[in-house]
Each structure stands twice: as structure tokens, then as C-alpha cells.
Amino acid sequence: MLKLYFSSLALTLLTIGTSSCSKDFLKSYDNRIPGTWQLTDINRVGIGGNTGDLPFQDGQFEFSEGGGLVYTNAAGRVYKGSWDIRKQWMRGSCTTDDDGRQQCDDRQVSLLELTAVDFVSQDVRTIHFDEIRFTGTNKFKAYIYDGWRTYVFHFRR
């Protein structure tokens, strides 16, 4: 009887645990990104460069299904444009064994491109992220790999 009780309890907890979890990790990035996101931080890792040269440094991004974008910077200027996510293979480091066979740790990544225009001032902003990674339902990071430095953009819903 005790075994039956624990089996029922375990099944109940498993059902509750899996039903309350988000299934976002099963969705493609195209289906996860629509919504309103805030750029919360930009980290620079490596030698040289500064974040002052980047076209997007703050603000709110509204990603629409189908690729529409509305960007509002911290000063309240509104830009309209588009976004696009694509998959690409990124070359990793390679090693060669004693028999001359090469082994590389290549991986598939998702790229994100943003283009936005302030139609009042005709200011155009565009950026290419070399990789994006969702780190939760309401967070993702976007990376720019630029020689000896990497810029990491932190977005939060």
C-alpha cells in the first residue's frame, strides 16, 4: 500500500511539474522572439573597442511576427524596420590526430539582423549579431564577435 501511495504521489508531482514548465525551449527562435524586449546591458569582453560605436545601446525593441520591428531609444525616438533570424554553421577549433584525421567542433548558431529607420531624421541603424541564445523564457543574449573582442547584449522581456 505504501508503494502505491508513493507511486501516485510521484505521478502527481511529475504531472504538476511538467505542466507548469514553459515549453518555449521547444519553439524555434522565430517564434520565441516576438514581443517587447528591453536592452538591459552590453558587456564588452576582450581587447580594444568601446560600446559607443554600436548603433543600439539602450531602449525597447518590439519584435512583431513576420519580421516587423519598432525600436524606441532611451530618448524616446522611434525607429521602424525589420528583423531576421537565420541559422548558420560556425566554425570551431580543429585538432588533427596522429593518423591525420581532422576533428572540428563546428556548431549551428542563430544569427539576428536588425534594421531600423527614424523617418523624421532619416537616421538608419543596422546591426548584425553573430549569434543569439535564449537563456530563459524572458531573456536572451546576442553576441557580436569582432576580432579580439566580443560584445554581449542582454535582452529581457
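Is Q122 buried or exposed? Q122 is exposed, with a relative accessible area of 53%, and the cut-off for that word is over 50%. The views below visit this residue and others in a predicted model.

**View 1. The whole chain, from helices to strands.** Welcome to the overall picture: the chain holds two helices and 10 strands. Starting at the N terminus, the order of elements is α-α-β-β-β-β-β-β-β-β-β-β. Of the 157 residues in the chain, 27% are buried. Among contacts between residues at least 6 apart in sequence, 47% link residues at least 24 apart.

**View 2. The largest nonpolar core.** Here you can look into a core of 26 residues, where L114, F129 and F153 have the most contacts inside the core. Elements giving two or more residues to this core include β1 (35-46), β4 (78-90), β7 (107-118) and β10 (149-156). The largest share, four residues, is supplied by β8.

**View 3. F153 and its neighbours.** Zoom in on F153, one of the residues with the most contacts inside the core. Leaving aside residues up to four places away in sequence, F153 touches L39, D41, I42, L54, F56, I127, F129, F140, K141, A142 and I144.

**View 4. Q122 in its loop.** Back to the residue we began with: Q122 sits in the loop between β7 and β8. Q122 is not a glycine, yet its phi is positive, at about 65°. Most residues other than glycine have a negative phi.

Key
Residues numbered from 1 in each chain as written. Predicted model: local features only at pLDDT ≥ 70, side-chain atom pairs only at ≥ 80, totals over all residues. Heavy atoms only, no water. Core = buried A, V, L, I, M, F, W, Y, C linked by side-chain atoms within 4.5 Å. Buried < 20%, exposed > 50% of the residue type's maximum accessible area, 1.4 Å probe, protein only. Contact = heavy atoms within 4.5 Å.
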